[in-house]
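Biologist: I am new to this model, and I would like a close look at one contact and then at what lies beyond it. Please keep it brisk.

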Amino acid sequence: MKTGISQPPIDTGKPHPARVYDALLGGKDNYPVDQAVAEHLPAEARTGAFQQRAFMNRATAWLAGEGVDQFLDIGTGIPTAPNLHQIAQEIVPASRVVYCDNDPIVLRHAEALLVSRPEGATDYVHADVREPGTIIEAARRTLDFGRPVALSLLGLLHFLPDDEDPYGIVRTLT
Ligand SMILES: C[S@@+](CC[C@H](N)C(=O)[O-])C[C@H]1O[C@@H](n2cnc3c(N)ncnc32)[C@H](O)[C@@H]1O
């Protein structure tokens with residue numbers, strides 16, 4: 001995996017979704033501002049975070065079992081084992097996975113933790129889902145869009161208000 005881009009700064013003075021989610025999951029890659037938000041969320045948010053990871057796990061395993069071997073995961077979050085490529089490659093070792101997030105802290109961890117098996121491939125794109133064309137072009141380095149690609153937008157679209165055209169973004173991606 002190559003990120004191939006400079007590392008943008010991490011702002012620890014305001015909460016970030018990826019780090020709040022990491023705090024909800026009991027991770028260590030978050031700061032007091034993120035922990036403060038996590039503590040103020042209703043208890044269901046914590047349960048929901050674990051259920052969302054469990055859903056990602058089940059859905060990826062099902063897709064890989066059906067023969068899907070290419071994945072584009074936007075809004076990846078801070079790596080939390082098992083990550084999507086680990087689940088897919090456990091079933092189809094040659095699976096190719098492109099991760100994408102707009103949070104600099106995810107970028108910092110991606111290179112170290114989202115490492116493919118030799119039979120497959122992983123790549124990471126630091127980009128915003130509101131620029132779907134940029135993501136598609138970057139994902140082309142790794143994915144063959146002439147074959148099926150599973151698109152994962154888990155826990156992401158609720159960050160986009162209607163005036164940012166979430167439906168149009170999903171249409172472009174699909
Ligand atoms: C709640 S986490 C979900 C993580 C993972 N998909 C999961 O379901 O376990 C949401 C992720 O979306 C990312 N995110 C939020 N807005 C984004 C945007 N406009 N473009 C790309 N990523 C974004 C956040 O940085 C965070 O990592």
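Biologist: Which residue has a side chain that a polar contact of 3.2 Å joins to the side chain of Asp69?

Modeller: Arg147 is the partner: its side chain and that of Asp69 form a polar contact of 3.2 Å. A polar contact is a pair of N or O atoms within 3.5 Å; within protein, one must be able to donate a hydrogen and the other to accept it, and residues adjacent in sequence count only if both atoms are side-chain atoms. This is a predicted model: local features need pLDDT of at least 70, side-chain atom pairs count only at pLDDT 80 or more, and totals for chains, interfaces and linings use all residues. Residues are numbered from 1 along each chain as its sequence is written, and side-chain values use heavy atoms, without hydrogens and water.

Asp69 sits in the loop between α3 and β1. Helices (H or I, at least four residues) and strands (E, at least two) are DSSP runs, numbered from the N terminus. Asp69 counts as buried because its relative accessible area is 18%. Buried means under 20%, exposed over 50%, and partly exposed in between (1.4 Å probe, protein chains only).

Now the ligand. Around it are 18 residues, and Tyr21, Arg53, Gly75, Asp101 and Leu154 come nearest. A residue is near if one of its heavy atoms lies within 4 Å. By class, this shell has seven nonpolar, six polar and five charged residues. Ala, Val, Leu, Ile, Met, Phe, Trp, Tyr, Cys and Pro count as nonpolar; Asp, Glu, Lys and Arg as charged; the others, Gly among them, as polar.

Look at the ligand's nitrogen atoms. One is 2.6 Å from a polar backbone atom of Gly75. A side-chain N or O atom of Asn102 lies 3.4 Å from a ligand nitrogen. For a polar side-chain atom of Asp128, the distance to a ligand nitrogen is 2.9 Å. On its own the ligand has 600 Å² of accessible area, and the protein covers 95% of that. The space it takes is the largest pocket. Two elements give two or more residues to the shell: α1 (17-24) and α3 (43-65).

Two loops deserve a glance. Pro82 is in the loop between β1 (70-74) and α4 (84-91). The peptide bond from Ala81 to Pro82 is cis, with omega near -5°. Asp165 lies in the loop between β4 (150-152) and α7 (166-173). Asp165 is not a glycine, yet its phi is positive, about 60°. At 41% relative accessibility, Asp165 is partly exposed.

Methods. Accessible areas come from the Shrake-Rupley method with a 1.4 Å probe; for residues, only the protein chains shown count as cover. On a 1 Å grid over the protein atoms alone, a cavity is a set of points where a 1.4 Å probe fits but cannot get out, and a pocket is an open set with protein on both sides within 12 Å along at least five of seven lines; lining residues have an atom within 4 Å of a point. A molecule sits in a cavity or pocket if more than half of its atoms lie within 2 Å of its grid points.
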